[in-house]
Amino acid sequence: MAAQVPIPEPSDTISFMTILADVLRLPEETLAMAFMYMNRYRKYYRTTEEIDFLDAHTLALASLSLSSKGTESPRRLREFLLPAYRLLHGSNPHAHPLTFPSELYDSLRATIVQAELMLLRVLKFELRIPLPFEFLPRYLDRTVGELNVGGGGWLGTEDYDGMGKEQRDEYKVARLMETGIARACKAEIVTALQSYQLANYFPARTIAAACLYVTLREKGLRVTQSVGSWLEEVTGGRVDAGDFHDVVAELEQNKAGR
Amino acid sequence: MKDSTSLEKAVSLRNQCADSWKSNQLGKAYGVVYRARDRNSNIVALKQIRILPQERQNGIPITAIREIAILQSLRHINIINILDVAVGQGSENCSDDGSERRSEGRGLDEVYMVMEYAEQVADFGMAREYSPRPLTPGVVTIWYRSPELLLGTSHYNPSVDLWSAGLILTELLLCTPLLPGDTEIQQLALIVKLLGTPSPDSIAALSAIGCPDLSRWRREQLPQGRVDNLERRFLSETTKETVRFIGGLLKWDPDERWTAAEALAKGRNKNAGEAERWWRESPREVDKDLLPTFPEIRNGERIGGEMVHRGTDKISTRKGKGNDGARSAKGASLESYVFDFGTDQMESQSQRVTKRHRIR
C-alpha cells in the first residue's frame with residue numbers, strides 16, 4: 001500500500017461538503033445551492049411525520065450531486081463517490097480504498113441515486129432556488145461602485161467594468177465580482193446558507209444585503225449613514241429592515257460560535 | 001409514481017405522429033407522451049422523459065432537470081404549463097395495461113412530467129439557458145442546424161434558434177423541409193445553394209466565433225460564386241415581405257441574424273422595422289383560439305365501413321399570396337404535420353361520434 005499522505009479530514013457534514021466541492025473544483029454557487037437543498041430537506045422532515053431514511057453523509061452527497069446539475073456544473077457520481085469515500089475512511093488504517101467497478105461501488109451509487117430522488121421529491125423539482133449571489137453585483141455596484149462613478153462634484157474613475165476583454169487582460173483589470181470585498185462577501189454567503197434558519201426562512205436578497213453589511217464592517221469599512229437608510233439605498237427599499245437585522249444577528253452569532 | 005396522478009388509460013401519442021415527424025425520430029428521441037386523467041378527472045399529458053442507459057448511472061439526467069426547470073420558469077400562452085413531476089424506480093403505481101408492474105431494480109428509470117393537455121409541436125428536452133461559455137457542439141436536428149453549428153462551434157448563442165425558426169417558417173410555406181441534408185457537409189452545400197456563397201465578411205465572422213471545421217470546408221468543399229436564391233425560391237410561394245423576413249433569420253453571420261425581439265418587431269432598429277411590415281401584412285396575427293387546425297389523418301378510424309375522424313374541422317390559413325384562409329391542395333398535406341390530440345378522445349364513444357367528421 002502507498003504511504004499515507006496527509007489529507008484533510010472533515011469533522012462534520014458541512015466540512016465534508018466544503019472539501020468535496022473543492023476537490024471537484026465546484027464553484028461556490030454549487031456549494032451554496034447544496035446547502036440550500038440540504039436545509040430544505042431537513043425542514044421538510046422536521047415539519048412532517050414522515051421518516052427520514054437518509055444519513056447525513058448520503059444527504060450531503062445527494063445535495064451536492066443534485067446542485068452540481070442544477071447549477072450547470074455537472075460531475076459524474078463516480079467523481080463524488082471516490083473522493084468522498086476516501087475522505088470518510090482514509091484515516092482508518094484498516095479501511096480498503098473504494099474501487100471501481102465493485103459491488104460496494106454499485107451499492108453506494110444506487111444509494112445516492114435513490115437519495116437524489118428523495119431530495120427531488122422534497123424539493124418538488126424546484127432546483128433553481130434564488131441565491132443571494134444574484135443580488136450581490138447590484139448591491140456592490142451601489143456601494144463600492146459608487147466610488148467609480150463619482151457625483152456631487154466628486155470625480156469618478158475609469159469605467160473599469162465597461163472595458164473590453166482585451167483592455168481588461170492587458171491591464172489586468174479585475175471584475176467587480178472578483179474584487180476582495182466581493183470574494184469575502186461570496187464566502188460569507190456560502191457560510192450563511194449553512195444555517196438552517198437563514199436558508200429556510202429569509203429571502204435571498206436579505207441575506208445578500210446582510211452579508212455585504214457584515215463584510216464591509218469586517219473590512220473596517222463603516223456605514224456612515226443610519227443602517228436603515230443604507231439598506232434603503234443599497235436594496236432599493238426591497239429588504240425588510242427587521243429581517244435584515246435578524247440575519248445580521250444570526251451571522252454574528254454563528255461567527256462567535258465558530 | 002406520485003399519488004396525485006393515476007394513469008387510467010395511457011395512450012402513446014408517439015404512434016399518432018405523422019410519418020414525416022417520425023423520420024425525425026421525434027417520439028423516439030424525446031420520450032413518450034401519455035394521455036391521462038388526474039384525481040380531479042382533468043385530462044393531463046404525461047410525458048415520460050427518456051433516460052439513456054448510460055445516464056441512469058448518474059441519477060437524474062441534467063437534460064431532464066433543465067427541461068423541467070425551464071418549463072417551470074416559463075409562463076406563456078404558447079408554452080405548456082407543467083403541473084407536477086413524478087419520479088421513481090420502476091413503476092409501482094403506474095401501469096399502462098391495468099396491472100401493476102414491479103420495479104426491476106434497474107436504478108432510475110422513470111421520470112414523468114405532468115403537463116396541461118394541449119397540442120405541442122416542440123419540447124424543451126434539449127433546451128438549456130444561454131450562458132456565455134462553451135456549449136455542447138453538434139446540437140439541433142441537422143435540417144435546422146445553423147452554419148456555425150454545422151462548422152463545429154461550441155461558442156454559439158440564441159441566434160441558432162432564430163436560424164431554425166426561419167427554416168420552420170419556410171417549411172410551413174412549402175409543406176416540406178427546406179434543407180433536408182444527411183450530413184453536415186451536405187447540409188452546408190444545401191445552404192450555399194439557397195443563400196449563395198458566404199461573403200468574406202460572413203466567413204470572417206464565422207472564423208471569429210471559432211468554427212473548427214471552417215478552414216477545411218472552405219478549402220475542400222465551399223463552392224465559389226454561388227448567388228443568393230432565396231427570392232427566386234420563395235417569391236412564387238409567398239410575399240416579398242415574407243421573403244425578407246425569412247432572409248433576416250437565415251443569415252450566415254449569427255450577429256447579422258435578426259434577434260427574437262427584432263423578429264417580433266420589438267424595438268426601433270431597421271430589422272425590427274422590416275419585421276413589423278411583415279407582421280402588418282395580411283393575414284394578420286390572430287388569437288390562438290381562432291387558429292385553424294387540421295384533422296390528423298392517422299387518427300381516423302373505420303366505423304361502419306367508412307373512415308371517420310376525430311378532431312376539429314377547421315381549415316388552414318397560410319400566410320402567403322392569395323391564400324388567405326383558403327385551403328389549397330398543397331395545404332392539405334399540412335395535415336400530416338399536426339398533432340390532433342382530440343380532447344374528446346377519452347369521452348364516451350357516443351359523444352365522440354357526434355364530433356367526428358369525414359376525412360376529405
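Predicted model: local features only at pLDDT ≥ 70, side-chain atom pairs only at ≥ 80, totals over all residues.
Contact here means heavy atoms within 4.5 Å, and by that criterion the contact between the chains takes 21 residues from chain B and 20 residues from chain A. Residues are numbered from 1 along each chain as its sequence is written, while side-chain values use heavy atoms, with hydrogens and water left out.

**Interface area**
- Chain B and chain A bury about 1700 Å² between them, 58% of it on carbon and sulfur atoms, where buried area is the accessible area (1.4 Å probe) that two parts lose on being put together, summed over both.
- On the chain B side, N58(B), I65(B) and V87(B) lose the most area to chain A, together accounting for 28% of what that side buries.

**Charged pairs**
- Three salt bridges are found across the interface of chain B and chain A, each requiring a side-chain nitrogen of Lys or Arg within 4 Å of a carboxyl oxygen of Asp or Glu.
- E72(A) forms a salt bridge with R128(B), and their closest N and O atoms are 3.2 Å apart.

**Confidence**
- Chain B averages a pLDDT of 73, and 66% of the residues score at least 70.
- Residues 1-29 of chain B have pLDDT below 50, yet beyond near neighbours in sequence this stretch has 70 contacts in the model.
- Residues 90-106 of chain B also have pLDDT below 50, with 21 contacts beyond near neighbours in sequence.
- For the complex, the predictor gives an ipTM of 0.86 and a pTM of 0.76.

Terms used
Chains lettered and ligands numbered in written order. pLDDT = per-residue confidence, 0-100.
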